[in-house]
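Work through the exercises below with the structure in view. Try each task before reading its solution.

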Amino acid sequence: MSFVVTPPAWPKVLTGRADTIAANPFDLDAAVRTGAFGALKKAAGMGASSTIDLIAAAGLRGRGGAGFPAADKWRMAAGVDADQRYLVANGYGADPGSHTDASLLAADPWAVLEGMAIAALAIGATEAILAVRADDASLVAKLEGAVLAAEEAGYLGDDAAGSGRRVTVTVRALQGTYMLGEETVLIKALEGRRAQPDQRPPYPAQRGLFDRPTVVNNVQTLAAVPWIVANGADAFAAIGATACPGTVLVQLRGPAGGGVAEIPTGTALRTLVDLAGGAGSHGLKALLVGGPTGGILPAEALDTPYEPAALRAAGAHMGSGSVVIADGRACVVDLARLLTRFSADQACGKSIPCRIGLRRLSEIGDRIATGKPRANDAVTLGDLAHDIAASALCDHERTATFALSATLRYFRAELDDHLLRSTCPAGVCTPIAVGSASSRGASR
Amino acid sequence: MSTIPGMGLVRGMGLTLTRFFQPKATIKWPEQQADVAPRFRGRLQLLYDENGSLKCETCFQCAQACPVECIDMGGMDTRGRFHVHWGAAETYGERREESALRRSGRPVADEAFTRFEALDTTAVDEILAAHDDDPRELLAILEEVQAVYSYLPVAALKHIARTTGAWYATVYGTATSYHHFRFEPPAVATATPAGQGQKVAEAGYLAALDSALRFDGKAAR
Ligand SMILES: Cc1cc2nc3c(=O)[nH]c(=O)nc-3n(C[C@H](O)[C@H](O)[C@H](O)COP(=O)(O)O)c2cc1C
Ligand code: SF4
Ligand code: FES
């Protein structure tokens with residue numbers, strides 16, 4: 001698995017070692033020669049609270065989608081009085097179209113394992129769980145082998161890297177639904193319970209796995225930790241966007257190809273389009289940012305920096321790290337309804353906005369795309385999306401409204417063509433109600 | 001002990017009268033907690049909507065939450081699956097008619113209730129023993145049971161519930177919320193093969209997206 005080639009000046013936090021150990025990424029000795037587990041030894045000497053302070057100073061935010069400051073989560077969990085604490089590395093990779101986390105685990109598992117051990121020591125957890133997808137059985141087996149090797153070498157286990165503390169890592173292969181990536185659902189799956197999210201608070205950091213304080217971090221978040229310990233907080237804070245520094249993996253897709261790339265946060269979406277090989281001869285129409293629950297951004301939004309706050313303001317989110325180019329041949333209404341349908345199908349059914357709201361929302365999308373809209377569908381769409389976002393139990397429902405909301409916000413003309421004139425300018429949506437074809441449709 | 005005969009009745013009626021004239025109180029749960037008597041038992045009632053259809057979505061959450069397992073239901077759940085009841089068939093007020101799901105126009109199969117078949121549970125016992133009868137290993141147990149029977153028979157689920165001590169509603173509710181489990185016997189050819197539920201959904205989504213984007217499978221995944 002190789003990564004998309006990025007400008008040499010861009011810093012490599014997550015994939016820096018990947019090329020050197022590419023011959024056999026699962027060879028511990030080769031990784032150690034490139035510096036793996038050096039940071040763990042350093043952190044073991046530093047002590048828990050100084051490690052958390054260091055991560056706070058670096059400004060590391062979660063890469064799992066929500067962008068929550070990692071140090072705050074760790075501090076919360078460390079502060080709760082408990083007989084056991086857990087660390088869960090979220091490598092589930094819920095979006096089937098995004099392979100960022102799986103690529104990282106395959107290219108440099110050691111960064112993730114080392115980050116897990118540092119985090120576990122910092123929060124006082126003796127048990128760490130690496131949750132991955134069961135689909136790729138060979139990756140699961142290799143990861144289990146890597147954990148064994150690290151235990152044998154003394155980096156994990158009863159006396160992790162000479163810290164005098166126990167850190168055991170278990171690899172758990174999970175399968176289920178899209179929702180399994182959500183942290184409270186992931187915890188439920190690890191407990192062997194129904195895959196539905198919980199109301200927060202209490203946050204998992206206060207009461208999580210088996211009711212013990214549990215830190216759930218994305219594998220990219222954890223893989224950045226050893227780099228910060230080794231290179232210092234200032235070096236990390238200097239990379240990328242000020243509000244959310246560091247680098248992040250994105251899954252690029254476009255008519256010219258794509259792949260996984262490590263980019264500094266705050267990189268303009270325009271640059272990401274170039275990295276994916278451009279939009280091709282049909283020109284760029286829209287950018288799907290964030291996976292199935294992502295937003296659909298127009299060409300005018302290409303200067304938006306890839307960074308949580310700016311993306312949210314634009315109506316998208318980092319989500320699964322997927323950035324897909326839709327060129328001139330695509331119909332945004334069709335795309336939006338596809339994304340919404342998948343999100344609605346994958347919703348867990350626990351809350352009313354989830355169970356009924358998303359279904360109604362995807363039905364409106366279907367009606368519009370099939371040329372059978374009701375008179376007030378545009379208004380209902382806006383109202384419903386707002387109500388779902390306001391009453392949602394988990395982030396899935398909130399973000400699942402992004403795709404259709406974006407068509408209202410950015411592609412109103414194209415939506416109106418479907419709604420008022422029963423035409424699809426891109427010629428994708430069918431069937432178009434023939435009788436009501438407008439002057440515009442007829443003049444073609 | 002009242003000295004004047006009938007005084008208790010008067011006091012009781014007095015309370016009723018006071019309550020009668022008190023304004024109705026809406027308690028903002030969960031911020032405020034109602035003062036509920038320890039032996040209070042609310043009445044269980046299913047509500048009908050303006051079309052006369054039961055509003056229950058068969059989401060199974062109340063059955064899972066009920067501490068004494070007194071709630072059970074038949075009908076289609078929100079995932080389009082048929083819930084199997086564990087009581088006698090006569091005890092169910094079946095919701096056979098439209099749910100909101102069906103009103104939405106989605107085709108929903110309606111299999112009649114069939115009593116579950118008895119099962120040789122030796123294999124289930126072995127699996128349970130390997131997991132120490134621990135309900136926290138439920139997912140692994142279910143996956144292994146499915147590997148043996150190529151679906152999850154009701155009898156096996158009941159057996160798991162009995163042995164692990166988990167409620168049947170919990171076992172069944174857990175199983176139905178993971179897409180890789182299958183509840184139809186191999187004879188039902190239209191059902192998604194065991195273990196493939198999520199993969200089929202994901203492949204369908206990716207293919208639809210690919211064709212909507214006109215990538216024709218060319219762009220790298
Ligand atoms: C529907 C849904 C799916 C999610 N899927 C993933 C996922 O596949 N991987 C992941 O790391 N986080 C996922 N998340 C985010 C997690 O809930 C959680 O915020 C994250 O794992 C926390 O790690 P972080 O603080 O390092 O970002 C998902 C969230 C939602 C609402
Ligand atoms: S199954 Fe769900 S919708 Fe039906 S009564 Fe119970 S909680 Fe309500
Ligand atoms: S509560 Fe079901 S998806 Fe959020």
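**Exercise 1.** Decide whether A:Asp108 is buried, partly exposed or exposed, and do likewise for A:Arg17.

*Solution.* Start with the cut-offs: buried means under 20% relative accessible area, exposed means over 50%, and partly exposed is in between (1.4 Å probe, protein chains only). A:Asp108 has a relative accessibility of 2%, so A:Asp108 counts as buried. A:Arg17 has 13% and therefore also counts as buried.

The model is predicted: local features need pLDDT of at least 70 and side-chain atom pairs count only at pLDDT 80 or more, while totals for chains, interfaces and linings use all residues. Residues are numbered from 1 along each chain as its sequence is written, chains are lettered from A and ligands numbered from 1 in the order in which they are written, and side-chain values use heavy atoms, with hydrogens and water left out.

**Exercise 2.** What joins the side chains of A:Asp108 and A:Arg17, and which parts of the chain does the pair tie together?

*Solution.* Side chains of opposite charge can pair when their charged atoms come close. The test for a salt bridge is a side-chain nitrogen of Lys or Arg within 4 Å of a carboxyl oxygen of Asp or Glu. Between A:Asp108 and A:Arg17 the N to O distance is 3.2 Å, and the two meet in a salt bridge. Next, place the residues: A:Asp108 lies in the loop between helix H5 (100–107) and helix H6 (109–123) of chain A, and A:Arg17 in the segment before helix H1 (28–33), so the pair ties together parts 91 residues apart in sequence. Helices (H or I, at least four residues) and strands (E, at least two) are DSSP runs, numbered from the N terminus.

**Exercise 3.** Describe the salt bridge of A:Asp53 and A:Arg75, and classify both residues by accessibility.

*Solution.* The closest N and O atoms of A:Asp53 and A:Arg75 are 2.8 Å apart. A:Asp53 is in helix H3 (residues 48–58) and A:Arg75 in helix H4 (residues 70–79) of chain A, so this pair links distant parts of the chain, 22 residues apart. With 44% relative accessibility A:Asp53 counts as partly exposed; A:Arg75, with 39%, is partly exposed.

**Exercise 4.** Which residues are linked with A:Glu183 and A:Arg200 in a network of salt bridges?

*Solution.* Begin with one pair: A:Glu183 forms a salt bridge with A:Arg200, with 3.5 Å between the closest N and O atoms. A:Glu183 lies in helix H8 (residues 183–191), and A:Arg200 in the loop between H8 and strand S4 (214–218) of chain A, so parts 17 residues apart in sequence are tied together. A:Arg200 counts as partly exposed at 22% relative accessibility. The network links A:Lys73 and A:Glu182 with A:Glu183 and A:Arg200. Over all chains, a search of the whole structure finds 26 salt bridges.

**Exercise 5.** Where does A:Ala268 lie, and which residues does A:Ala268 touch?

*Solution.* A:Ala268 is in the loop between strand S6 (257–264) and helix H11 (269–275) of chain A. Its relative accessible area is 23%, so A:Ala268 is partly exposed. Contact means heavy atoms within 4.5 Å. Leaving out residues up to four places away in sequence, A:Ala268 touches A:Leu302, A:Asp303, A:Thr304 and A:Pro305. A:Ala268 and A:Asp303 are 35 residues apart in sequence, and their C-alpha atoms are 5.3 Å apart in space.

**Exercise 6.** How many helices and strands does chain A have, and what share of its residues is buried?

*Solution.* Chain A has 19 helices and 9 strands. Of its 444 residues, 60% are buried.
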